[in-house]
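Here is a structure to read through slowly, by way of a few questions and their answers.

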Amino acid sequence: MNVLIGHYNYWIVIFLMMAGLYVVIAQGNLVKKIVGLNIFQASVFILFISMGKVEGGTAPIVTQGVSLYSNPLPHVLILTAIVVGVATTALALALVVRINEAYCSVEEDEIHQQDQSF
Amino acid sequence: MITQHLPILQVIIPLLTAPVCLLVQDRRFAWGVSLAASWTAFLIAALLLDQTLEQGVISYELGGWSTPWGIEYRVDTVNAFVLLIVTAISSAVLLFAQRSVAREILSTRIPLFYTTFMLCLAGLLGIAVTGDVFNLFVFMEISALSSYTLIALSEQRRALTAAYQYLFMGTIGATFILIGIGLLYMMTGTLNMQDLSQRLPAVTATRTVETAFAFLTVGISIKLALVPLHLWLPNAYAYAPSVVSAFIAATATKVAFYVLLRFMFTIFGASFAFKSMPLSFIFIALALAAVFAGSTAAIFQDNIKRLLAYSSIAQIGYMILGISFASVTGLTAAILHLFNHALMKGALFLSLGCVVYRLGMANMEQMRGLGRLMPWTMAAFVIGGLSLIGVPLTVGFISKWYLVVGALERGWWPLAVAVLVASLLSLVYVWRVVEAAYFQPPSPVRAGEIREAPRSMLLPTWALIIANLYFGIDTSLTVGVASQAARQLLGVSE
(Lines give C-alpha, C1' and ligand atoms only; values in the text may rest on other atoms or scores of the structure.)
Protein backbone atom coordinates (compact mmCIF):
# COMPACT_ATOMS: atom_id res chain seq x y z
CA MET A 1 0.00 0.00 0.00
CA ASN A 2 2.82 2.34 0.93
CA VAL A 3 4.42 1.67 -2.42
CA LEU A 4 1.24 2.77 -4.17
CA ILE A 5 0.50 5.93 -2.21
CA GLY A 6 3.97 6.93 -1.11
CA HIS A 7 5.14 7.12 -4.69
CA TYR A 8 2.05 8.75 -6.12
CA ASN A 9 4.11 11.38 -7.96
CA TYR A 10 5.88 8.63 -9.91
CA TRP A 11 2.57 7.02 -10.81
CA ILE A 12 1.42 10.34 -12.23
CA VAL A 13 4.68 10.65 -14.15
CA ILE A 14 4.33 7.16 -15.59
CA PHE A 15 0.68 7.73 -16.51
CA LEU A 16 1.40 11.02 -18.27
CA MET A 17 4.43 9.58 -20.00
CA MET A 18 2.53 6.64 -21.40
CA ALA A 19 -0.47 8.77 -22.33
CA GLY A 20 1.77 11.21 -24.18
CA LEU A 21 3.63 8.49 -26.03
CA TYR A 22 0.36 6.80 -26.92
CA VAL A 23 -1.02 10.00 -28.42
CA VAL A 24 2.19 10.49 -30.44
CA ILE A 25 1.96 6.98 -31.82
CA ALA A 26 -1.79 6.56 -32.27
CA GLN A 27 -2.88 9.97 -33.53
CA GLY A 28 -2.85 10.66 -37.25
CA ASN A 29 -3.35 14.39 -36.87
CA LEU A 30 -0.04 16.24 -36.89
CA VAL A 31 -1.18 18.89 -34.39
CA LYS A 32 -2.54 16.35 -31.93
CA LYS A 33 0.77 14.54 -32.12
CA ILE A 34 2.45 17.72 -30.90
CA VAL A 35 0.05 17.83 -27.96
CA GLY A 36 1.05 14.25 -27.16
CA LEU A 37 4.72 15.15 -27.32
CA ASN A 38 4.11 18.01 -24.92
CA ILE A 39 2.37 15.76 -22.40
CA PHE A 40 5.27 13.33 -22.69
CA GLN A 41 7.79 16.07 -22.01
CA ALA A 42 5.72 17.50 -19.15
CA SER A 43 5.83 14.12 -17.40
CA VAL A 44 9.61 14.32 -17.36
CA PHE A 45 9.48 17.83 -15.96
CA ILE A 46 7.34 16.54 -13.08
CA LEU A 47 9.78 13.69 -12.54
CA PHE A 48 12.62 16.17 -12.10
CA ILE A 49 10.64 18.62 -9.96
CA SER A 50 9.43 15.95 -7.54
CA MET A 51 12.99 14.70 -7.29
CA GLY A 52 14.07 18.04 -5.80
CA LYS A 53 11.63 17.82 -2.91
CA VAL A 54 13.28 17.41 0.46
CA GLU A 55 10.93 16.28 3.19
CA GLY A 56 10.25 19.18 5.53
CA GLY A 57 12.32 21.54 3.43
CA THR A 58 11.09 24.95 2.33
CA ALA A 59 11.64 26.93 -0.82
CA PRO A 60 15.37 27.42 -1.44
CA ILE A 61 15.54 31.09 -0.40
CA VAL A 62 17.88 31.98 2.44
CA THR A 63 15.77 33.01 5.45
CA GLN A 64 16.57 33.21 9.12
CA GLY A 65 15.64 30.30 11.26
CA VAL A 66 15.39 27.82 8.40
CA SER A 67 18.11 25.31 7.74
CA LEU A 68 16.36 22.74 5.55
CA TYR A 69 15.74 23.64 1.94
CA SER A 70 14.45 21.80 -1.10
CA ASN A 71 17.07 21.06 -3.73
CA PRO A 72 16.91 23.92 -6.24
CA LEU A 73 19.07 22.32 -8.91
CA PRO A 74 16.38 20.13 -10.55
CA HIS A 75 14.18 23.23 -10.84
CA VAL A 76 16.92 25.09 -12.66
CA LEU A 77 17.51 22.15 -14.98
CA ILE A 78 13.83 21.91 -15.77
CA LEU A 79 13.60 25.61 -16.46
CA THR A 80 16.12 24.99 -19.23
CA ALA A 81 14.29 21.87 -20.38
CA ILE A 82 11.01 23.79 -20.54
CA VAL A 83 12.65 26.37 -22.77
CA VAL A 84 13.91 23.57 -24.99
CA GLY A 85 10.39 22.10 -25.01
CA VAL A 86 8.84 25.42 -26.01
CA ALA A 87 11.35 25.79 -28.84
CA THR A 88 10.59 22.26 -30.02
CA THR A 89 6.85 22.92 -29.96
CA ALA A 90 7.26 26.18 -31.85
CA LEU A 91 9.38 24.52 -34.50
CA ALA A 92 6.97 21.59 -34.82
CA LEU A 93 4.00 23.95 -35.22
CA ALA A 94 5.89 25.98 -37.81
CA LEU A 95 6.57 22.77 -39.72
CA VAL A 96 2.89 21.83 -39.55
CA VAL A 97 1.94 25.23 -40.99
CA ARG A 98 4.27 24.67 -43.92
CA ILE A 99 3.11 21.08 -44.36
CA ASN A 100 -0.45 22.37 -44.47
CA GLU A 101 0.53 24.91 -47.13
CA ALA A 102 2.25 22.27 -49.23
CA TYR A 103 -0.25 19.41 -48.86
CA CYS A 104 -3.47 21.21 -47.84
CA SER A 105 -3.83 18.69 -45.02
CA VAL A 106 -2.54 17.92 -41.53
CA GLU A 107 -3.70 14.30 -41.54
CA GLU A 108 -0.88 11.81 -41.75
CA ASP A 109 -2.66 9.30 -44.01
CA GLU A 110 -3.75 11.94 -46.53
CA ILE A 111 -0.22 13.32 -46.74
CA HIS A 112 1.15 9.84 -47.19
CA GLN A 113 -1.36 9.21 -49.99
CA GLN A 114 -0.32 12.37 -51.81
CA ASP A 115 3.33 11.38 -51.57
CA GLN A 116 2.62 7.93 -52.98
CA SER A 117 0.57 9.17 -55.93
CA PHE A 118 3.22 11.77 -56.72
CA MET B 1 46.78 32.99 -22.26
CA ILE B 2 44.32 32.37 -25.05
CA THR B 3 45.34 28.73 -25.52
CA GLN B 4 44.01 28.05 -22.07
CA HIS B 5 40.51 28.98 -23.24
CA LEU B 6 40.47 26.82 -26.35
CA PRO B 7 37.75 24.42 -25.14
CA ILE B 8 35.20 27.18 -24.71
CA LEU B 9 36.30 29.06 -27.85
CA GLN B 10 35.61 25.89 -29.77
CA VAL B 11 31.90 26.27 -29.01
CA ILE B 12 31.51 30.00 -28.60
CA ILE B 13 32.90 31.05 -31.99
CA PRO B 14 30.27 29.27 -34.12
CA LEU B 15 27.61 30.11 -31.54
CA LEU B 16 28.32 33.85 -31.85
CA THR B 17 28.62 33.68 -35.63
CA ALA B 18 25.02 32.49 -35.88
CA PRO B 19 23.32 35.74 -34.76
CA VAL B 20 25.80 37.77 -36.81
CA CYS B 21 24.65 35.94 -39.96
CA LEU B 22 21.05 36.55 -39.01
CA LEU B 23 21.47 40.26 -38.29
CA VAL B 24 23.49 41.17 -41.35
CA GLN B 25 21.15 39.33 -43.77
CA ASP B 26 23.66 39.30 -46.57
CA ARG B 27 24.32 36.06 -48.41
CA ARG B 28 27.97 36.55 -49.26
CA PHE B 29 28.83 38.02 -45.88
CA ALA B 30 27.05 35.18 -44.08
CA TRP B 31 28.94 32.63 -46.14
CA GLY B 32 32.29 34.32 -45.60
CA VAL B 33 31.89 34.71 -41.88
CA SER B 34 30.62 31.14 -41.39
CA LEU B 35 33.49 29.78 -43.41
CA ALA B 36 35.96 31.78 -41.32
CA ALA B 37 34.32 30.59 -38.09
CA SER B 38 34.40 26.98 -39.23
CA TRP B 39 38.06 27.12 -40.23
CA THR B 40 38.91 28.78 -36.92
CA ALA B 41 37.06 25.98 -35.15
CA PHE B 42 39.04 23.46 -37.18
CA LEU B 43 42.29 25.12 -36.16
CA ILE B 44 41.22 25.07 -32.51
CA ALA B 45 40.27 21.40 -32.76
CA ALA B 46 43.69 20.60 -34.23
CA LEU B 47 45.41 22.52 -31.42
CA LEU B 48 43.29 20.73 -28.82
CA LEU B 49 44.11 17.32 -30.25
CA ASP B 50 47.77 18.24 -30.24
CA GLN B 51 47.55 19.39 -26.62
CA THR B 52 45.75 16.25 -25.45
CA LEU B 53 48.26 14.02 -27.19
CA GLU B 54 51.12 15.84 -25.52
CA GLN B 55 49.79 16.75 -22.10
CA GLY B 56 46.87 14.43 -21.58
CA VAL B 57 43.38 15.45 -20.49
CA ILE B 58 42.46 19.15 -20.56
CA SER B 59 39.96 20.28 -17.97
CA TYR B 60 38.36 23.70 -18.31
CA GLU B 61 36.14 25.21 -15.65
CA LEU B 62 33.43 27.43 -17.07
CA GLY B 63 33.44 30.88 -15.45
CA GLY B 64 36.03 29.71 -12.95
CA TRP B 65 33.50 27.71 -10.89
CA SER B 66 35.28 24.67 -9.63
CA THR B 67 33.97 21.19 -10.40
CA PRO B 68 31.67 19.44 -9.63
CA TRP B 69 29.57 22.55 -8.92
CA GLY B 70 30.43 24.43 -12.06
CA ILE B 71 30.24 23.10 -15.57
CA GLU B 72 33.42 21.45 -16.70
CA TYR B 73 34.61 21.14 -20.28
CA ARG B 74 36.84 18.16 -20.54
CA VAL B 75 38.85 17.24 -23.60
CA ASP B 76 40.64 13.93 -23.90
CA THR B 77 41.81 12.05 -26.97
CA VAL B 78 38.35 10.70 -27.78
CA ASN B 79 36.51 13.97 -28.03
CA ALA B 80 39.45 15.87 -29.49
CA PHE B 81 39.32 13.36 -32.34
CA VAL B 82 35.56 13.86 -32.74
CA LEU B 83 35.99 17.66 -32.68
CA LEU B 84 38.62 17.39 -35.39
CA ILE B 85 36.45 15.38 -37.77
CA VAL B 86 33.32 17.47 -37.18
CA THR B 87 35.11 20.76 -37.83
CA ALA B 88 36.97 19.31 -40.82
CA ILE B 89 33.71 18.18 -42.43
CA SER B 90 31.95 21.46 -41.71
CA SER B 91 34.85 23.41 -43.22
CA ALA B 92 34.78 21.34 -46.40
CA VAL B 93 30.99 21.47 -46.61
CA LEU B 94 30.88 25.25 -46.16
CA LEU B 95 33.45 25.71 -48.90
CA PHE B 96 31.14 23.71 -51.11
CA ALA B 97 27.99 25.40 -49.89
CA GLN B 98 28.04 28.76 -51.64
CA ARG B 99 27.17 27.53 -55.15
CA SER B 100 25.09 24.58 -54.05
CA VAL B 101 22.94 26.54 -51.61
CA ALA B 102 22.25 29.24 -54.21
CA ARG B 103 20.66 26.59 -56.39
CA GLU B 104 18.79 24.58 -53.77
CA ILE B 105 17.52 27.08 -51.20
CA LEU B 106 15.35 30.18 -51.74
CA SER B 107 17.64 33.20 -51.87
CA THR B 108 15.80 35.02 -49.05
CA ARG B 109 16.41 32.06 -46.77
CA ILE B 110 20.14 31.77 -47.40
CA PRO B 111 21.33 33.93 -44.47
CA LEU B 112 18.99 31.83 -42.33
CA PHE B 113 20.68 28.72 -43.66
CA TYR B 114 24.10 29.88 -42.47
CA THR B 115 22.63 30.90 -39.12
CA THR B 116 21.16 27.48 -38.45
CA PHE B 117 24.24 25.76 -39.85
CA MET B 118 26.42 27.60 -37.33
CA LEU B 119 24.00 26.76 -34.50
CA CYS B 120 24.07 23.13 -35.50
CA LEU B 121 27.87 23.16 -35.58
CA ALA B 122 28.01 24.86 -32.18
CA GLY B 123 25.64 22.24 -30.78
CA LEU B 124 27.63 19.32 -32.14
CA LEU B 125 30.92 20.73 -30.87
CA GLY B 126 29.32 21.47 -27.52
CA ILE B 127 28.18 17.87 -27.14
CA ALA B 128 31.68 16.68 -27.85
CA VAL B 129 33.52 19.09 -25.59
CA THR B 130 31.36 19.15 -22.47
CA GLY B 131 32.00 17.18 -19.32
CA ASP B 132 28.57 17.77 -17.85
CA VAL B 133 25.64 15.52 -18.72
CA PHE B 134 22.92 18.15 -18.56
CA ASN B 135 24.98 20.54 -20.65
CA LEU B 136 25.27 17.69 -23.11
CA PHE B 137 21.48 17.39 -23.29
CA VAL B 138 21.10 21.11 -23.98
CA PHE B 139 23.70 21.07 -26.75
CA MET B 140 22.09 17.99 -28.18
CA GLU B 141 18.81 19.86 -28.47
CA ILE B 142 20.54 22.90 -29.99
CA SER B 143 22.07 20.77 -32.71
CA ALA B 144 18.89 18.73 -33.20
CA LEU B 145 16.52 21.70 -33.47
CA SER B 146 18.81 23.41 -35.94
CA SER B 147 19.18 20.27 -38.02
CA TYR B 148 15.39 19.90 -38.29
CA THR B 149 15.34 23.47 -39.58
CA LEU B 150 18.18 22.79 -42.00
CA ILE B 151 16.31 19.83 -43.48
CA ALA B 152 13.09 21.83 -43.80
CA LEU B 153 14.94 24.54 -45.76
CA SER B 154 14.84 22.30 -48.81
CA GLU B 155 12.39 23.28 -51.54
CA GLN B 156 11.00 19.76 -51.85
CA ARG B 157 7.83 19.38 -49.87
CA ARG B 158 8.73 15.89 -48.69
CA ALA B 159 11.56 17.49 -46.75
CA LEU B 160 8.91 19.01 -44.50
CA THR B 161 7.40 15.70 -43.50
CA ALA B 162 10.89 14.24 -43.16
CA ALA B 163 11.85 17.06 -40.80
CA TYR B 164 8.62 16.60 -38.85
CA GLN B 165 9.26 12.90 -38.43
CA TYR B 166 12.87 13.53 -37.43
CA LEU B 167 11.68 16.12 -34.91
CA PHE B 168 9.43 13.59 -33.23
CA MET B 169 11.93 10.79 -33.11
CA GLY B 170 14.68 13.17 -32.08
CA THR B 171 12.66 14.76 -29.29
CA ILE B 172 11.56 11.42 -27.90
CA GLY B 173 15.18 10.30 -27.98
CA ALA B 174 16.36 13.45 -26.25
CA THR B 175 13.64 13.18 -23.62
CA PHE B 176 14.64 9.58 -22.92
CA ILE B 177 18.20 10.80 -22.42
CA LEU B 178 16.86 13.48 -20.07
CA ILE B 179 15.01 10.83 -18.05
CA GLY B 180 18.20 8.80 -17.85
CA ILE B 181 20.16 11.83 -16.67
CA GLY B 182 17.46 12.58 -14.09
CA LEU B 183 17.57 9.07 -12.68
CA LEU B 184 21.36 9.20 -12.47
CA TYR B 185 21.16 12.52 -10.68
CA MET B 186 18.63 11.03 -8.29
CA MET B 187 21.09 8.33 -7.27
CA THR B 188 24.33 10.29 -7.22
CA GLY B 189 23.45 13.98 -6.82
CA THR B 190 25.87 15.04 -9.51
CA LEU B 191 25.86 15.89 -13.18
CA ASN B 192 29.59 16.02 -13.78
CA MET B 193 30.76 13.03 -15.84
CA GLN B 194 33.92 12.39 -13.84
CA ASP B 195 32.05 12.72 -10.58
CA LEU B 196 29.31 10.41 -11.86
CA SER B 197 31.82 7.76 -12.84
CA GLN B 198 33.27 7.81 -9.33
CA ARG B 199 29.96 7.76 -7.48
CA LEU B 200 28.09 5.29 -9.65
CA PRO B 201 29.91 2.06 -8.71
CA ALA B 202 28.51 2.32 -5.17
CA VAL B 203 24.92 2.26 -6.41
CA THR B 204 25.04 0.23 -9.62
CA ALA B 205 23.13 -2.66 -8.10
CA THR B 206 19.95 -0.58 -7.83
CA ARG B 207 17.06 -0.75 -10.22
CA THR B 208 17.09 3.04 -10.68
CA VAL B 209 20.55 2.94 -12.23
CA GLU B 210 19.58 0.01 -14.41
CA THR B 211 16.51 1.94 -15.60
CA ALA B 212 18.65 4.99 -16.26
CA PHE B 213 20.99 2.83 -18.28
CA ALA B 214 18.10 1.47 -20.35
CA PHE B 215 16.62 4.92 -21.02
CA LEU B 216 20.00 6.32 -22.00
CA THR B 217 20.79 3.40 -24.31
CA VAL B 218 17.45 3.65 -26.11
CA GLY B 219 17.53 7.46 -26.28
CA ILE B 220 21.03 7.58 -27.72
CA SER B 221 20.20 4.74 -30.11
CA ILE B 222 17.35 6.83 -31.56
CA LYS B 223 19.75 9.73 -32.04
CA LEU B 224 22.23 7.47 -33.75
CA ALA B 225 19.67 5.69 -35.90
CA LEU B 226 20.46 2.19 -34.75
CA VAL B 227 18.09 -0.36 -36.29
CA PRO B 228 15.14 -0.60 -35.43
CA LEU B 229 15.11 3.07 -34.38
CA HIS B 230 16.38 4.37 -37.70
CA LEU B 231 13.12 5.28 -39.41
CA TRP B 232 13.72 9.03 -39.35
CA LEU B 233 17.03 8.81 -41.19
CA PRO B 234 16.41 7.80 -44.85
CA ASN B 235 13.90 10.56 -45.65
CA ALA B 236 15.76 13.19 -43.68
CA TYR B 237 18.96 12.56 -45.65
CA ALA B 238 17.21 12.05 -48.98
CA TYR B 239 15.14 15.23 -49.11
CA ALA B 240 17.40 17.68 -47.28
CA PRO B 241 19.44 20.14 -49.38
CA SER B 242 22.65 18.45 -50.58
CA VAL B 243 24.97 20.38 -48.30
CA VAL B 244 22.80 19.56 -45.32
CA SER B 245 22.76 15.85 -46.20
CA ALA B 246 26.53 15.89 -46.45
CA PHE B 247 26.99 17.72 -43.16
CA ILE B 248 24.42 15.82 -41.09
CA ALA B 249 25.27 12.41 -42.52
CA ALA B 250 28.93 12.95 -41.76
CA THR B 251 28.62 14.48 -38.30
CA ALA B 252 25.30 14.15 -36.44
CA THR B 253 25.22 10.37 -36.06
CA LYS B 254 28.95 10.35 -35.33
CA VAL B 255 28.53 12.74 -32.45
CA ALA B 256 25.61 10.64 -31.16
CA PHE B 257 27.93 7.65 -31.33
CA TYR B 258 30.48 9.56 -29.31
CA VAL B 259 27.78 10.21 -26.69
CA LEU B 260 27.13 6.48 -26.54
CA LEU B 261 30.84 5.82 -26.01
CA ARG B 262 30.98 8.45 -23.29
CA PHE B 263 28.04 7.08 -21.36
CA MET B 264 28.89 3.40 -21.75
CA PHE B 265 32.59 3.58 -21.04
CA THR B 266 33.36 6.74 -19.09
CA ILE B 267 30.23 7.08 -16.97
CA PHE B 268 28.87 3.57 -16.47
CA GLY B 269 32.13 1.80 -17.13
CA ALA B 270 32.69 -1.16 -19.41
CA SER B 271 32.26 -3.77 -16.70
CA PHE B 272 28.76 -2.56 -15.81
CA ALA B 273 27.62 -1.99 -19.39
CA PHE B 274 28.98 -5.20 -20.82
CA LYS B 275 29.13 -7.62 -17.88
CA SER B 276 26.25 -6.72 -15.55
CA MET B 277 24.01 -5.69 -18.46
CA PRO B 278 23.57 -7.86 -21.57
CA LEU B 279 24.61 -4.99 -23.84
CA SER B 280 27.17 -6.99 -25.81
CA PHE B 281 24.57 -9.48 -26.93
CA ILE B 282 21.94 -6.83 -27.74
CA PHE B 283 24.38 -4.71 -29.67
CA ILE B 284 25.70 -7.62 -31.72
CA ALA B 285 22.17 -8.61 -32.72
CA LEU B 286 21.13 -5.05 -33.58
CA ALA B 287 24.41 -4.30 -35.35
CA LEU B 288 24.07 -7.35 -37.58
CA ALA B 289 20.44 -6.43 -38.29
CA ALA B 290 21.56 -2.88 -39.16
CA VAL B 291 24.38 -4.03 -41.40
CA PHE B 292 22.30 -6.51 -43.38
CA ALA B 293 18.96 -4.68 -43.45
CA GLY B 294 20.62 -1.35 -44.27
CA SER B 295 22.77 -2.76 -47.06
CA THR B 296 19.92 -4.78 -48.54
CA ALA B 297 17.55 -1.82 -48.49
CA ALA B 298 20.24 0.33 -50.11
CA ILE B 299 20.44 -2.06 -53.07
CA PHE B 300 16.80 -1.42 -53.97
CA GLN B 301 16.83 2.38 -53.83
CA ASP B 302 16.27 4.50 -56.89
CA ASN B 303 17.10 7.83 -55.25
CA ILE B 304 20.88 7.83 -54.74
CA LYS B 305 20.74 10.04 -51.65
CA ARG B 306 18.35 7.54 -50.09
CA LEU B 307 20.71 4.77 -51.13
CA LEU B 308 23.55 6.45 -49.26
CA ALA B 309 21.24 7.03 -46.29
CA TYR B 310 20.50 3.31 -46.00
CA SER B 311 24.19 2.61 -46.38
CA SER B 312 24.75 4.97 -43.43
CA ILE B 313 22.44 2.80 -41.34
CA ALA B 314 24.57 -0.19 -42.25
CA GLN B 315 27.79 1.64 -41.41
CA ILE B 316 26.41 2.61 -38.01
CA GLY B 317 25.96 -1.12 -37.53
CA TYR B 318 29.71 -1.64 -38.01
CA MET B 319 30.49 0.95 -35.36
CA ILE B 320 28.09 -0.62 -32.89
CA LEU B 321 29.58 -4.03 -33.67
CA GLY B 322 32.99 -2.58 -32.83
CA ILE B 323 31.96 -1.46 -29.35
CA SER B 324 30.04 -4.66 -28.62
CA PHE B 325 33.41 -6.46 -28.46
CA ALA B 326 34.28 -4.23 -25.48
CA SER B 327 37.96 -4.76 -26.26
CA VAL B 328 40.70 -2.32 -27.18
CA THR B 329 40.81 -3.53 -30.79
CA GLY B 330 37.04 -3.45 -31.19
CA LEU B 331 36.81 0.02 -29.74
CA THR B 332 39.71 1.20 -31.90
CA ALA B 333 37.81 -0.11 -34.91
CA ALA B 334 34.65 1.70 -33.84
CA ILE B 335 36.41 5.04 -33.29
CA LEU B 336 38.34 4.64 -36.54
CA HIS B 337 35.13 3.92 -38.38
CA LEU B 338 33.52 6.98 -36.83
CA PHE B 339 36.30 9.10 -38.36
CA ASN B 340 36.55 7.20 -41.63
CA HIS B 341 32.84 6.97 -42.25
CA ALA B 342 32.52 10.72 -41.79
CA LEU B 343 35.19 11.16 -44.47
CA MET B 344 33.59 8.79 -46.95
CA LYS B 345 29.97 9.83 -46.48
CA GLY B 346 30.97 13.50 -46.57
CA ALA B 347 32.77 12.93 -49.88
CA LEU B 348 29.98 10.84 -51.38
CA PHE B 349 27.20 13.27 -50.47
CA LEU B 350 29.26 16.19 -51.76
CA SER B 351 29.80 14.46 -55.11
CA LEU B 352 26.03 13.87 -55.26
CA GLY B 353 25.65 17.56 -54.46
CA CYS B 354 27.60 18.27 -57.68
CA VAL B 355 25.20 16.02 -59.62
CA VAL B 356 22.16 17.75 -58.10
CA TYR B 357 23.72 21.11 -58.92
CA ARG B 358 23.81 20.26 -62.62
CA LEU B 359 20.78 18.00 -62.96
CA GLY B 360 18.43 19.07 -60.19
CA MET B 361 18.00 15.50 -58.93
CA ALA B 362 20.06 12.42 -58.25
CA ASN B 363 18.06 9.34 -59.20
CA MET B 364 19.41 6.32 -61.09
CA GLU B 365 17.94 7.85 -64.25
CA GLN B 366 20.06 10.99 -63.87
CA MET B 367 23.24 9.01 -63.30
CA ARG B 368 23.18 7.46 -66.76
CA GLY B 369 26.25 8.33 -68.76
CA LEU B 370 27.50 10.78 -66.16
CA GLY B 371 30.91 9.10 -66.16
CA ARG B 372 31.64 10.85 -69.42
CA LEU B 373 29.73 14.07 -68.80
CA MET B 374 31.01 14.81 -65.29
CA PRO B 375 34.22 12.78 -65.08
CA TRP B 376 35.68 14.41 -61.96
CA THR B 377 32.45 14.20 -59.98
CA MET B 378 31.90 10.57 -60.86
CA ALA B 379 35.53 9.65 -60.22
CA ALA B 380 35.09 11.10 -56.74
CA PHE B 381 31.92 9.05 -56.28
CA VAL B 382 33.70 5.87 -57.37
CA ILE B 383 36.62 6.36 -54.98
CA GLY B 384 34.20 7.20 -52.18
CA GLY B 385 32.22 4.07 -53.06
CA LEU B 386 35.35 1.92 -53.01
CA SER B 387 36.09 3.30 -49.58
CA LEU B 388 32.57 2.41 -48.48
CA ILE B 389 33.10 -1.17 -49.65
CA GLY B 390 36.43 -1.32 -47.87
CA VAL B 391 38.90 -1.77 -50.71
CA PRO B 392 42.58 -1.64 -49.65
CA LEU B 393 44.31 1.77 -49.90
CA THR B 394 41.12 3.51 -48.76
CA VAL B 395 40.07 4.36 -45.22
CA GLY B 396 37.17 1.91 -45.37
CA PHE B 397 39.65 -0.94 -45.48
CA ILE B 398 41.47 0.18 -42.35
CA SER B 399 38.42 0.27 -40.11
CA LYS B 400 37.03 -3.01 -41.44
CA TRP B 401 40.43 -4.61 -40.94
CA TYR B 402 40.45 -3.66 -37.29
CA LEU B 403 36.86 -4.79 -36.95
CA VAL B 404 37.69 -8.23 -38.35
CA VAL B 405 40.81 -8.48 -36.19
CA GLY B 406 38.72 -7.49 -33.17
CA ALA B 407 36.18 -10.22 -33.94
CA LEU B 408 38.87 -12.86 -34.42
CA GLU B 409 40.63 -11.78 -31.22
CA ARG B 410 37.52 -12.65 -29.27
CA GLY B 411 37.13 -15.85 -31.25
CA TRP B 412 33.86 -14.71 -32.80
CA TRP B 413 34.80 -15.68 -36.33
CA PRO B 414 31.19 -15.83 -37.65
CA LEU B 415 31.06 -12.07 -37.04
CA ALA B 416 34.22 -11.60 -39.09
CA VAL B 417 32.57 -13.56 -41.90
CA ALA B 418 29.41 -11.45 -41.56
CA VAL B 419 31.44 -8.24 -41.96
CA LEU B 420 33.00 -9.58 -45.15
CA VAL B 421 29.69 -10.77 -46.58
CA ALA B 422 28.10 -7.41 -45.82
CA SER B 423 30.94 -5.73 -47.71
CA LEU B 424 29.83 -7.69 -50.77
CA LEU B 425 26.35 -6.22 -50.36
CA SER B 426 27.81 -2.72 -50.37
CA LEU B 427 29.69 -3.69 -53.54
CA VAL B 428 26.31 -4.38 -55.15
CA TYR B 429 24.78 -1.00 -54.41
CA VAL B 430 27.88 0.96 -55.30
CA TRP B 431 28.15 -1.04 -58.52
CA ARG B 432 24.58 -0.15 -59.53
CA VAL B 433 25.53 3.52 -59.60
CA VAL B 434 28.84 2.84 -61.35
CA GLU B 435 27.09 0.73 -63.97
CA ALA B 436 24.58 3.49 -64.71
CA ALA B 437 27.26 6.16 -64.85
CA TYR B 438 29.86 4.38 -66.93
CA PHE B 439 28.16 1.65 -68.94
CA GLN B 440 24.87 3.24 -69.97
CA PRO B 441 24.65 5.96 -72.60
CA PRO B 442 23.36 9.35 -71.50
CA SER B 443 19.95 10.22 -72.86
CA PRO B 444 20.77 12.15 -76.05
CA VAL B 445 18.53 15.10 -75.17
CA ARG B 446 20.60 16.22 -72.25
CA ALA B 447 24.06 15.14 -73.28
CA GLY B 448 24.99 18.52 -74.73
CA GLU B 449 23.82 20.59 -71.78
CA ILE B 450 25.57 18.94 -68.92
CA ARG B 451 28.99 20.10 -67.92
CA GLU B 452 31.36 19.28 -65.10
CA ALA B 453 30.49 20.87 -61.75
CA PRO B 454 32.20 24.20 -60.92
CA ARG B 455 35.65 24.06 -59.41
CA SER B 456 34.61 25.60 -56.11
CA MET B 457 32.48 22.49 -55.57
CA LEU B 458 34.93 19.92 -56.91
CA LEU B 459 37.72 21.21 -54.70
CA PRO B 460 36.16 20.37 -51.29
CA THR B 461 34.81 17.09 -52.67
CA TRP B 462 38.25 16.07 -53.81
CA ALA B 463 39.83 17.31 -50.60
CA LEU B 464 37.71 14.74 -48.74
CA ILE B 465 38.46 12.06 -51.35
CA ILE B 466 42.18 12.67 -50.97
CA ALA B 467 41.75 12.43 -47.21
CA ASN B 468 40.04 9.07 -47.83
CA LEU B 469 43.08 7.86 -49.72
CA TYR B 470 45.69 9.50 -47.51
CA PHE B 471 44.37 8.05 -44.27
CA GLY B 472 43.98 4.74 -46.05
CA ILE B 473 47.72 4.63 -46.70
CA ASP B 474 49.29 6.56 -43.84
CA THR B 475 47.40 5.36 -40.81
CA SER B 476 49.83 6.52 -38.15
CA LEU B 477 47.69 9.49 -37.09
CA THR B 478 44.24 7.92 -37.17
CA VAL B 479 45.11 4.50 -35.78
CA GLY B 480 47.43 5.99 -33.19
CA VAL B 481 44.81 8.40 -31.92
CA ALA B 482 41.98 5.88 -32.11
CA SER B 483 43.82 3.21 -30.16
CA GLN B 484 44.90 5.72 -27.53
CA ALA B 485 41.29 6.91 -27.29
CA ALA B 486 40.11 3.30 -26.96
CA ARG B 487 42.57 2.64 -24.15
CA GLN B 488 41.49 5.81 -22.40
CA LEU B 489 37.84 4.81 -22.59
CA LEU B 490 38.50 1.33 -21.28
CA GLY B 491 40.86 2.64 -18.63
CA VAL B 492 43.68 0.41 -19.79
CA SER B 493 47.18 1.81 -19.40
CA GLU B 494 49.50 2.06 -22.40
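**Reading the predicted model**

Q: Between which two helices of chain B does the loop with B:Pro228 lie, and what is the omega of the peptide bond leading from B:Val227 to it?
A: In this predicted model, B:Pro228 is placed in the loop that runs between α8 (207-223) and α9 (233-239) of chain B. The peptide bond that joins B:Val227 to B:Pro228 is cis, and its omega is near 5°.

Q: Is B:Ala326 buried or exposed?
A: B:Ala326 sits in the loop between α13 and α14 of chain B, and its phi is positive, near 50°, although the residue is not a glycine. Because 21 other C-beta atoms lie within 10 Å, and 20 or more are needed for this class, B:Ala326 is buried.

Q: Is A:Cys104 buried or exposed?
A: A:Cys104 belongs to the loop between α4 (73-103) and α5 (108-117) of chain A, and this residue, which is not a glycine, has a positive phi of about 55°. Because A:Cys104 has 10 C-beta neighbours inside 10 Å, and a residue with 12 or fewer falls in this class, A:Cys104 counts as exposed.

Definitions and conventions
Residues are numbered from 1 along each chain as its sequence is written. Chains are lettered from A and ligands numbered from 1 in the order in which they are written. This is a predicted model: local features need pLDDT of at least 70, side-chain atom pairs count only at pLDDT 80 or more; totals for chains, interfaces and linings use all residues. Helices (H or I, at least four residues) and strands (E, at least two) are DSSP runs, numbered from the N terminus.
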